[in-house]
Structure formats: C-alpha cells, structure tokens
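Subject: Structure handover

Hello,

Please find the structure below. My notes on what was found in it follow.

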Amino acid sequence: MRHLPIADEGSFASLQPATSRDLRILSHYPQVRAIRGGQLPPPRNAVIYPVYGCNLDCVGCEYAEDNAQGFEYLDRFAPLLGELATLGVEGVEFCGGGEPLLHPGLVEAVTHGASLGLRFGLLTNGTVIGDRFVASLAHFAYVRITLDAATESVYARVRPSKGPSPWPRLLENIGRLLRARSDSGSTEIAIKFLVNRLNANQIDDAVALARSLGVDGIQFKALRDDPAELRPDEALDVEAMIASARATHAPFPVTGSLAKLTMHRQCELTPLQVTIDARGDVFLCCYFTHRRENHRIGNVHERPLAEIWASERHRAAIRGILPGECSKFDCRFVRYHDVLDEWVGAHGDGLKFL
C-alpha cells in the first residue's frame, strides 16, 4: 500500500500514512464523479446536533455561547430522520453543539430511524448514559466517548462539571456500554482525546487507561483556536509521546495526529454529508461555527430538506467556500482530498482498473 503524507509541510509529514478511515472516501467515488460533473448527489451521511446545551464546561468548547439554549425540534426529530432516509442518507452521527444524550427524544428518534434502515453513530461525553440508550445500542455502528484525561484531577480541569465530579460514573458507563455491546452486536466503542496544555503529559496514561477499560481504541486530536492550544514545538513533543505509546501498547489501536491540516483548494466534498443543528439550520459541513451565515443553506422548520438540498442557495454557498476558513480546524476532508488525488486522480483513472 502506498503511504500518503498529510496535507501540510513540516516535521509531521512522514508520521501519518492514510488510514482505513481515510480510505473510506473511495467508496464515495461515484458521488465524487457526479460532483465533478456539476451535479449535487444526495448525501450518504448526516451530522445532527440534537441539542445546544451541556452538563460540562470544557476547555476549548466552540459552542459555549449556545450552551444555555436547551432542547430544540422535539416534535421534528423523528420526522427529520424520515426525510433524511428518503433523501438517500444511510448513516447519521449525533454530536454537537451540546451533549446529544441530553435530548429527551433521542432514543425514540433512533428507534424510528432504525426502522427506516438508518444506522447511527454517537459522540458523547459519556456522563449521562442511561438504561434506555444502552438498550438501543444495537442501532449504533459506533460510540465515541470524549475523555481528554487519564485521571479525575486532570479531567476536572479540562472538562469541569456543573455539578459533582462525573468521573467515576463516566468510567462505569463505559463498562456498561461494553457489557451491553457483548449482547447486542458489533458496536465500536472508542475513546477520543483532545490534546491541550492541560493534559498533554497524560498521553501514555490515557492509552493505558483506554486499554484497561477494554475499549476498541483511542484517537488523539489537537485542540485548536484556544489559549490552551499547544505551540508547534510542544505538539511535536507530544506527537513523539503518541508514537511511543502506540509502540508500547501495540497492537491496541492508537490513532490520530496533532499535525495541522491545511486545505489548499476549494473543498468539493461537502455534498457527501449534510449537517443540521439544534435550531434546524442546515450547513455545508460541521465546521461552520466561524462562518455560520456563509455556510447556512436553509432551515428544516421552514422548508423540507429535499427543497433545501441542491437549491441555488446550496450551490452558491459551495461556490463561496474559502480554503483559508477550512484550515482553521483540522477538517478530515483535507485527508479525503489527498486520498482522492493519490488513488483516483483528476480523471478517476485509478479506479477504472483492477
């Protein structure tokens, strides 16, 4: 297999070959061809923010100003999943925005969506996992828990609670998911770790904790656009810690990188995914917080999703994408573009032959 360098210059360039997750973009090759031909195919994946509201006050939160908004589109939730399925969506990820499991209608919506053939993913802080969600676990392809610490004291600094420390409950909830998973199917349960100056010395301890818990892996990513963001020299040191932990704990999966991803072109892949927030606003992608108006293409309370998709407003928003704005955060579409360049080529010749 060819090794694909990440899309940026500097000392990170040889550290991250293309992963199996990066190569998933190749399954979208027919849609990419349609996009390059001027069409807007229906999205296969949706990202939904069920709530703006959270029980934690995390370092670097992009949504702090929205955290008091509470629950929205209660009665619209299940019908919206029906619209997504009709449009052509196959997988729905709940994240946010806020803590998705705070939405009181999420489990009912998932049950309805599963009856339509949808599969689900969840990004959660893991502190409010209840029995009803655990019972619905078989509908989820993956659950990823944002931990960001290896000890209760560091967790209290990077993910402070608005009440008593949730750390013991968080670890117990991970155990509950793993026990339920053994009965319900093959849901992937993994840890996410957002690295910053407050937790950068816990890399090996975090991997050891994840391994001891019995999860399926841990992924590291760098905090961006925050005072606690690592300097480039600090990030290189931590990258070496990640590499060391990966070797020490092999074959336990340790993935991710702190390398800065930079978009060098206008993104052409946003039609592969639709993002809908807790107010019903529809965006080009999930990296919209710093360009909300330019990336907003409609609202599902005002128009059916089928009318929003491929509308003139949608096409105009795509034409207005600015690569410099895409580079503010580490968008995975940067990697997807590089995979397409390496494996497909401008004319798609790479996938026309066995």
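Helix 1 is followed by Gly 38, which has a positive phi, near 95°. Helices (H or I, at least four residues) and strands (E, at least two) are DSSP runs, numbered from the N terminus.

Before the rest, two notes on how to read this. The model is predicted, so local features need pLDDT of at least 70 and side-chain atom pairs count only at pLDDT 80 or more, while totals for chains, interfaces and linings use all residues. Residues are numbered from 1 along each chain as its sequence is written, and side-chain values use heavy atoms, with hydrogens and water left out.

Back to helix 1, residues 29-36: its buried residues are Tyr 29, Gln 31, Val 32, Ala 34 and Ile 35. Buried means under 20% relative accessible area, exposed over 50%, and partly exposed in between (1.4 Å probe, protein chains only). Helix 13 (332-343) is included in what covers these buried residues.

Ten strands make up an open sheet with mixed pairing, in the order 9-8-7-6-5-4-1-10-11-12. Strand 9 (254-257) and strand 12 (296-299) are at the edges with a single partner strand each, so one side of each has no neighbour in the sheet. From one strand to the next, the twist averages 20°. Two strands pair if DSSP finds at least two bridges between them.

Strand 10 (residues 273-276) runs parallel to strand 1 (residues 45-48), and four bridges join them. Across this pairing, Asn 45 stands opposite Gln 273, and Val 47 has Thr 275 as its bridge partner. Strand 10 also pairs with strand 11, in the antiparallel sense and over two bridges. Here Thr 275 stands opposite Phe 283. Strands 10 and 11 form a hairpin with four residues between them, and Gly 280 in the turn has a positive phi of about 90°.

Is strand 10 covered on one face or on both? Both faces are covered: Gln 273 and Thr 275 are buried on one side, and Val 274 and Ile 276 are buried on the other.

Helix 2 (residues 77-87) lies across strand 1, strand 4 (91-94), strand 5 (119-124) and strand 10, at about 160° to strand 1. For such angles, axes are lines fitted to C-alpha atoms, for helices over the stretch in contact, and the angles run from 0 to 180 degrees between N-to-C directions. Contact means heavy atoms within 4.5 Å.

Two polar side chains

Arg 181 lies in helix 6 (residues 167-184) and counts as buried, at 15% relative accessibility. Which side chain makes a polar contact with the side chain of Arg 181? That of Asp 216 does, at 2.8 Å. A polar contact is a pair of N or O atoms within 3.5 Å; within protein, one must be able to donate a hydrogen and the other to accept it, and residues adjacent in sequence count only if both atoms are side-chain atoms. A polar atom of the Arg 181 side chain also lies 2.6 Å from the backbone oxygen of Thr 187. Leaving aside residues up to four places away in sequence, Arg 181 touches Leu 137, Thr 187, Glu 188, Ile 189, Gly 214 and Asp 216.

Ser 311 is in the loop between helix 10 (305-308) and helix 11 (312-319). Ser 311 is buried, with a relative accessible area of 11%, and a polar atom of its side chain lies 2.8 Å from the backbone oxygen of Ile 308.

Aromatic rings

There are twelve aromatic pairs in the structure. Rings of Phe, Tyr and Trp (its six-membered ring) pair if their centres lie within 6.5 Å; planes under 30 degrees apart count as stacked, over 60 as edge-to-face and the rest as tilted. The pair of Tyr 49 and Phe 288 is tilted, because the ring centres are 5.7 Å apart and the planes are at 35°. Tyr 49 is in the loop between strand 1 and strand 2 (51-52) and Phe 288 in the loop between strand 11 (281-283) and helix 9 (292-295), so the pair ties together parts 239 residues apart in sequence. Tyr 49 is buried at 3% relative accessibility, and Phe 288 is buried at 0%. Ring pairs link Tyr 49, Tyr 52, Tyr 63, Phe 283 and Phe 288 into a cluster.

Cysteines

How many disulfides does a search of the whole structure find? The search finds zero. A disulfide is a pair of cysteine sulfur atoms within 2.5 Å. The cysteine sulfur closest to that of Cys 95 is in Cys 286, 6.5 Å away, which is too far for a bond.

Regards
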